[in-house]
Amino acid sequence: MNTEFTPIEAVHTAVEQTILNGEPVLRVVKKDKIMEFDENTYAKLNNLTFHNGTIEVKMLSRLLPDAPDFARGFIGIAFRINHDDTNFESFYVRPTNGRIDDPVRKIRGVQYFSYPKYTFDYFRNLGITDFEGPADIGLDEWISLKVVINGARGEFYLNDSEEPVLVVENMKHGADAKGGIGFFVDIGTEAFFKEWKITAID
């Protein structure tokens with residue numbers, strides 16, 4: 001199912017159709033809850049319910065001129081979003097961590113979280129490292145993301161790799177959760193999305 005013409009709702013974001021390098025793209029920038037991480041900040045595809053299947057999108061991020069020092073170019077997707085945006089699963093990347101020499105930041109290139117409770121900060125405070133991993137990515141370059149969801153399991157692939165950069169066996173909202181899909185952005189990031197495709201299997 002190609003959803004590029006599905007109406008889009010801005011959830012704590014500013015959203016616009018624009019042109020980047022001669023191509024039509026969707027631009028998404030966070031607003032409202034500016035200094036909170038891992039919140040419901042995305043451009044949501046309306047009239048869409050997703051349970052299991054595949055989500056594919058190409059995405060590119062840049063740092064905004066006023067981005068704080070801790071900005072990482074956060075960009076990704078939210079999925080199985082409930083009707084009032086109070087529960088969802090998410091996967092995003094931190095492009096500034098992709099090729100850095102710092103060994104701690106380097107292993108934090110990608111992130112799974114589950115809103116509202118299971119944020120990256122929650123996992124780190126408990127020393128849980130299962131939901132992060134490294135990735136060879138950078139700012140201002142197109143990154144192909146493919147997400148394969150089946151029950152409580154999520155597999156996340158970047159740039160057509162045959163091996164996932166992250167596998168989550170126990171997504172926190174469980175195997176039966178279903179809901180919408182959104183393009184996620186976080187602090188200090190100018191995010192662009194194109195060529196998205198949703199393939200639902202149930």
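By class, the residues that line the largest pocket comprise four nonpolar, three polar and six charged; here Ala, Val, Leu, Ile, Met, Phe, Trp, Tyr, Cys and Pro count as nonpolar, Asp, Glu, Lys and Arg as charged, and the others, Gly among them, as polar. The model is predicted, so that local features require pLDDT of at least 70 and side-chain atom pairs pLDDT 80 or more, whereas totals for chains, interfaces and linings use all residues. Residues are numbered from 1 along each chain as its sequence is written, and side-chain values use heavy atoms, with hydrogens and water left out.

The space in this largest pocket is about 230 Å³. Of the 13 lining residues, Glu 56, Ser 144, Leu 145, Lys 146 and Asp 160 are the closest to the centre of the pocket. A pocket is defined on a 1 Å grid over the protein atoms alone, as an open set of points where a 1.4 Å probe fits, with protein on both sides within 12 Å along at least five of seven lines; lining residues have an atom within 4 Å of a point. Grid points are joined across faces, edges and corners, and the volume is the space filled by probe spheres set on the points. At least two lining residues come from each of strand 5 (53-63), strand 10 (143-150), strand 11 (153-158) and strand 14 (189-200). Strands (E, at least two residues) and helices (H or I, at least four) are DSSP runs, numbered from the N terminus.

Seven strands form an open sheet in the order 1-4-13-6-7-8-9, with antiparallel pairing; two strands pair if DSSP finds at least two bridges between them. Strand 1 (8-11) and strand 9 (132-133) stand at the edges with a single partner strand each, so one side of each has no neighbour in the sheet. Within this order, strand 6 is joined to strand 13 by six antiparallel bridges and to strand 7 (residues 88-93) by five, also antiparallel. Ile 75 has Val 185 as its bridge partner in strand 13 and stands opposite Val 93 in strand 7. Seven of the seven residues of strand 6 are buried, where buried means under 20% relative accessible area, exposed over 50% and partly exposed in between (1.4 Å probe, protein chains only). The hairpin of strand 6 and strand 7 has six residues between the strands, and Asp 85 there takes a positive phi near 65°.

Rings of Phe, Tyr and Trp (its six-membered ring) pair if their centres lie within 6.5 Å; planes under 30 degrees apart count as stacked, over 60 as edge-to-face and the rest as tilted. The pair of Phe 37 and Phe 74 is edge-to-face, because the ring centres are 5.9 Å apart and the planes stand at 75°. Phe 37 belongs to the loop between strand 3 (23-30) and strand 4 (42-50), and Phe 74 to the loop between strand 5 and strand 6 (75-81), so this pair ties together parts 37 residues apart in sequence. Phe 37 is partly exposed at 27% relative accessibility, whereas Phe 74 is buried at 3%. The rings of Phe 183 and Trp 196 form a tilted pair, because their centres are 4.8 Å apart and their planes at 55°. This pair links distant parts of the chain, with Phe 183 in strand 13 (residues 179-185) and Trp 196 in strand 14, 13 residues apart. Both Phe 183 and Trp 196 are buried. One aromatic cluster includes Phe 37, Phe 74, Phe 88, Tyr 115 and Phe 184.

The charged end of Lys 172 sits over the ring of Tyr 118, 5.2 Å from its centre, and Lys 194 lies over the face of Trp 142 at 4.2 Å from the ring centre. The criterion is that NZ of Lys or CZ of Arg is within 6 Å of the ring centre and within 35 degrees of the ring normal.

Some backbone details remain. Tyr 115 and Pro 116 are joined by a cis peptide bond with omega of about 15°, and Pro 116 is found in the loop between strand 8 and helix 2 (120-125). Asp 38, in the loop between strand 3 and strand 4, has a positive phi of about 50° although it is not a glycine, and is buried with a relative accessible area of 1%.
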